[in-house]
Amino acid sequence: MNLINKLCLATGLLMSTTTFAAESWMLDKELSTISFQSTKNGAVVENHTLKPSNGSISDTGKVTVNIALDSVQTGIDIRNERLREILFQTAKFPLASIQKTINLSDYPEGTVTIKTMDAQLSLHGMEKTISLKLAVLKTGKTIQVSSVEPVLLNAADFGLDGGINQLKDIAKLNSIAQMVPVSVTLVFEQ
């Protein structure tokens with residue numbers, strides 16, 4: 001192979017690698033958050049947050065978001081510790097993850113697109129399909145994804161009901177709701 005053919009081949013490989021990188025989207029961890037609510041004694045609702053540890057949208061549309069469960073923030077240190085150790089068991093299950101494949105061309109530039117879609121949620125060693133209603137805004141080199149309505153997760157579907165019952169007993173509560181509303185705001189940048 002002569003020098004010109006080698007240079008053309010190398011340039012083509014470099015351009016295809018650059019195109020692949022330019023089409024991938026990385027999660028901005030600082031601008032992204034997952035929030036959930038707990039309801040105790042039937043009437044007291046409290047807001048909590050989790051931070052994604054990483055995430056991306058590949059050039060083929062595969063969306064992956066990993067959530068660091070020890071990032072839980074409830075506003076009370078001892079409750080954060082109890083959620084980590086008793087509910088989430090982060091020593092054994094440090095991450096939750098959401099996976100979905102999308103077609104990026106379904107989200108036109110500069111327009112908010114609202115879609116209901118199924119995604120796979122892995123949490124506490126279990127995987128379930130969840131339905132999400134999301135607003136997606138793609139502008140320039142940013143894609144912002146936000147819940148239109150919260151996803152209701154049943155703690156028992158992910159084996160978290162035992163941990164909730166332990167937390168109820170420790171805090172001497174009459175009840176902690178097993179249905180948990182979860183909302184997301186995710187920002188991906190190219």
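Apart from residues within four places in sequence, Ser32 is in contact with Leu27, Lys51, Pro52, Thr185, Leu186 and Val187. This contact set belongs to a predicted model, and the chain concerned has 190 residues.

**Ser32**

- Ser32 occupies the loop between strand 1 (25–27) and strand 2 (33–40).
- Ser32 has a relative accessible area of 0%, and because buried means under 20%, this residue is classed as buried.
- The side chain of Ser32 reaches the backbone nitrogen of Val187 at 2.9 Å, and Val187 is also among the contacts of Ser32.

**Overall fold**

- The chain contains 3 helices and 10 strands.
- Read from the N terminus, the order of elements is α-β-β-β-β-α-β-β-β-β-β-α-β.
- Of the 190 residues in the chain, 37% are buried.
- Among contacts in the chain with a separation of 6 or more, 59% are between residues 24 or more positions apart.

**Nonpolar core**

- The largest nonpolar core comprises 44 residues.
- Within this core, Ile57, Ile67, Ile143 and Phe188 have the most contacts.
- In soluble globular proteins, nonpolar side chains tend to be buried together.
- Beyond its neighbours within four places in sequence, Ile67 is in contact with Ile34, Leu50, Lys51, Pro52, Ser53, Pro94, Leu95, Ala96 and Ile98.

**Largest cavity**

- The model has 1 cavity of 30 Å³ or more, and the space in the largest cavity is about 250 Å³.
- The lining of the largest cavity consists of 19 residues, with Val63, Met117, Leu134, Val145 and Leu186 nearest its centre.
- At least two lining residues come from each of strand 4 (62–73), strand 5 (95–101), strand 6 (112–123), strand 7 (126–139), strand 8 (142–147) and strand 10 (179–189).
- Strand 7 provides the largest share of this lining, with 4 residues.
- By class, the lining of the largest cavity holds 17 nonpolar and 2 charged residues, and no polar ones.
- Leu186, one of the residues nearest the centre of the cavity, is also among the contacts of Ser32.

**Largest pocket**

- The volume of the largest pocket is about 750 Å³.
- The largest pocket is lined by 40 residues, and those nearest its centre are Phe36, Ser38, Leu83, Leu87 and Phe88.
- The lining of the largest pocket includes 31 nonpolar, 5 polar and 4 charged residues.

- Asn66 is located in strand 4 and is buried, with a relative accessible area of 18%.
- The side chains of Asn66 and Asn54 are joined by a polar contact of 2.7 Å.
- When neighbours within four places in sequence are set aside, the contacts of Asn66 are Pro52, Ser53, Asn54, Leu95, Ala96 and Ser97.
- Ala119 is part of strand 6 and counts as buried at 4% relative accessibility.
- Ala119 touches Ile98, Gln99, Lys100, Lys128, Thr129, Ile130 and Leu132, not counting residues up to four places away in sequence.
- A distance of 8.2 Å separates the C-alpha atoms of Ala119 and Thr101, which are 18 residues apart along the chain.

**Residues with positive phi**

- His124 has a phi near 55 degrees, a positive value in a residue other than glycine.
- His124 is situated in the loop between strand 6 and strand 7 and counts as buried at 13% relative accessibility.
- Lys172 likewise has a positive phi, of about 55 degrees, although it is not a glycine.
- Lys172 is situated in the loop between helix 3 (161–170) and strand 10.
- Lys172 has a relative accessible area of 74%, and because exposed means over 50%, Lys172 is classed as exposed.

Terms used: Residues are numbered from 1 along each chain as its sequence is written. This is a predicted model: local features need pLDDT of at least 70, side-chain atom pairs count only at pLDDT 80 or more; totals for chains, interfaces and linings use all residues. Side-chain values use heavy atoms; hydrogens and water are left out. On a 1 Å grid over the protein atoms alone, a cavity is a set of points where a 1.4 Å probe fits but cannot get out, and a pocket is an open set with protein on both sides within 12 Å along at least five of seven lines; lining residues have an atom within 4 Å of a point. Grid points are joined across faces, edges and corners, and a volume is the space filled by probe spheres set on the points. Ala, Val, Leu, Ile, Met, Phe, Trp, Tyr, Cys and Pro count as nonpolar, Asp, Glu, Lys and Arg as charged, and the others, Gly among them, as polar. A nonpolar core is a set of buried Ala, Val, Leu, Ile, Met, Phe, Trp, Tyr and Cys residues joined through side-chain atoms within 4.5 Å. Buried means under 20% relative accessible area, exposed over 50%, partly exposed in between (1.4 Å probe, protein chains only). Contact means heavy atoms within 4.5 Å. A polar contact is a pair of N or O atoms within 3.5 Å; within protein, one must be able to donate a hydrogen and the other to accept it, and residues adjacent in sequence count only if both atoms are side-chain atoms.
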